[in-house]
Amino acid sequence: MAVLYLSLVRFISAELTRGYFLEHNEAKYTERRERVYTCLRIPRELEKLMFFGFFLCLDAFLYVFTLLPLRVLLALIRLLTLPCCGLSGSRLLQPAQVCDILKGFIMIICYSMMHYVDYSMMYHLIRGQSVIKLYIIYNMLEVADRLFSSFGQDILDALYWTATEPKEKKRAHIGVIPHFFMAVLYVFLHAILIMVQATTLNVAFNSHNKSLLTIMMSNNFVEIKGSVFKKFEKNNLFQMSNSDIKERFTNYVLLLIVCLRNMEQFSWNPDHLWVLFPDVCMVIASEIAVDVVKHAFITKFNDITADVYSEYRASLAFDLVSSRQKNAYTDYSDSVSRRMGFIPLPLALLLIRVVTSSVKVQGSLSCVCVLLFYLGMTTLKVLNSIVLLGRSCLYVKEANMEEKLFQSPPTATPGRASSKSNRSRFTAPSGDAADEASSTSITSQPVHRVENPAPTLPTSNSDQFLTTPDETEEKDITQDGSELKHRAPKKDLLEIDRFTICGNRID
């Protein structure tokens, strides 16, 4: 019994005085501390990217209201004065002028079609539905909006290219007019879809117990469950970040439409605006919180550093700077549409429809106010473009991407040809060793190590920017019997110009 007592005392004494030394596993705990610091940096770096992306979307959105009508007017004046001035070249109009006229006619036709849609009837029809049914409808509308955004820019690009394609080439399309009607139908249907979203949000704001608004906000947190537990790489996170920028800007415009409709119903009483203000702040705060939590855990689980958001910002800045060059091959608003999936035409069409139905312009004084408002928006657009261009030049310079601005755009078809061109751009050629070189990326998970791996080629700091993998292409080699299966080379961030929602990998 005494022996048992002494053993118990010795055990308790050992438990109270036992020590351990963390410095014996210094690398492990240093890594844990760096992960905490990374999670703490994510909100700041993410919001810097979101702030920059918001003004990029705002620039493309204001372009539809301010500069696009002037460009359409100039193109029409040139078209009408051609019989008097004569043909100075082989083209009646420049390709950019043709695209501007097409955009103008699409907006005019869709705006006239929107007058046949009764917003009040749609509001009362949605308001009569049950809460759970509205919740399901709103989720379906979000999915449909992403699908429309994914396919809509392809329709518009097909129209622009069909209208401006050199005539000496063999015709391989159905014609400009069918493409034009497809574009009109797309813009109109997408505008109707966004109108239903705005109406559902308006019903949630005006509900007495705010249950629908609470359910819609909680739906944002469901997005965390579907994102953070999946494998993401740097390219995939870039697309998700662009999608979040587009989603946040679209929600701001939807909240603006809801406020305009509610203020109209209360005869523009400013006191009612303060009634809506808490709900608006609650929706915005939930969006920001969900984005911060989602990106923080995605970067944690996939071992991605917070510096990657600076690369994303520099990539978006590169698009803006390259679109201002003399040899630019696309308009900036179209570049934003391809990069983020944000197509400003349907959203601008809906906002014009809501503003014209809410605000009555009568008398000369009202016309003067409209003109001053237009001049104010134009001034805001110009100032925003100047500031964005200056900041973008700074970001491109910090990323050592000036030399890429003077390189001609690749003419090869997407796929292997573009991958080869980028491989020659970022990697020094070295015969067979260049094809067999393998590298590791901060966004990839550990794989089975192979003894005596092929040596990697030395690269400069500028070569490591916006490439995934960071130095050369990464190939996962898995052995199945006697065959070796190689993964396709990963794409550069600058090649990702399509808004996609399918899958978690970009191959």
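The exercises below work through salt bridges, aromatic rings, a surface patch and annotated spans in a predicted model.

Residues are numbered from 1 along each chain as its sequence is written, and side-chain values use heavy atoms, leaving out hydrogens and water. Local features need pLDDT of at least 70 and side-chain atom pairs count only at pLDDT 80 or more, while totals for chains, interfaces and linings use all residues.

**Exercise 1. Salt bridges within a helix**

Solution. 
- Step 1: a salt bridge is a side-chain nitrogen of Lys or Arg within 4 Å of a carboxyl oxygen of Asp or Glu. The structure holds 15 of them.
- Step 2: Glu-45 and Arg-41 form such a bridge, at 3.8 Å from N to O.
- Step 3: Helices (H or I, at least four residues) and strands (E, at least two) are DSSP runs, numbered from the N terminus.
- Step 4: buried means under 20% relative accessible area, exposed over 50%, and partly exposed in between (1.4 Å probe, protein chains only).
- Step 5: a second bridge, Glu-264 to Arg-261, has an N to O distance of 3.2 Å. These two residues lie in helix α9, 3 residues apart. Glu-264 is partly exposed at 24%, and Arg-261 is buried at 7%.

**Exercise 2. A salt bridge between helices**

Determine which helices Arg-248 and Asp-291 lie in.

Solution. 
- Step 1: the side chains of Arg-248 and Asp-291 meet in a salt bridge of 2.7 Å, N to O.
- Step 2: Arg-248 lies in helix α9 and Asp-291 in helix α10, so the pair ties together parts that are 43 residues apart in sequence.
- Step 3: both residues are buried.
- Step 4: Arg-248 and Asp-291 also belong to a network of salt bridges that links them with Glu-47, Asp-244 and Lys-294.

**Exercise 3. Aromatic rings**

Classify the pair formed by Phe-297 and Phe-301.

Solution. 
- Step 1: rings of Phe, Tyr and Trp (its six-membered ring) pair if their centres lie within 6.5 Å; planes under 30 degrees apart count as stacked, over 60 as edge-to-face and the rest as tilted. By this rule the count comes to 15 aromatic pairs.
- Step 2: Phe-297 and Phe-301 are 5.9 Å apart centre to centre with 45 degrees between the planes, which makes the pair tilted.
- Step 3: both lie in helix α10, 4 residues apart. Phe-297 is partly exposed at 39%, and Phe-301 is partly exposed at 37%.
- Step 4: elsewhere, one aromatic cluster consists of Phe-51, Phe-54, Phe-55, Phe-61, Phe-65, Phe-249, Tyr-252 and Phe-342.

**Exercise 4. Annotated spans**

State how much helix residues 49–66 and residues 180–205 contain.

Solution. 
- Step 1: an unreviewed UniProt entry lists residues 49–66, 105–126 and 180–205 as "transmembrane region". UniProt positions are given in the numbering used here, feature names are shortened, and annotations may be inferred rather than shown by experiment.
- Step 2: residues 49–66 are 94% helix and 0% strand, with end C-alpha atoms 26 Å apart.
- Step 3: residues 180–205 are 100% helix and 0% strand, with end C-alpha atoms 37 Å apart.
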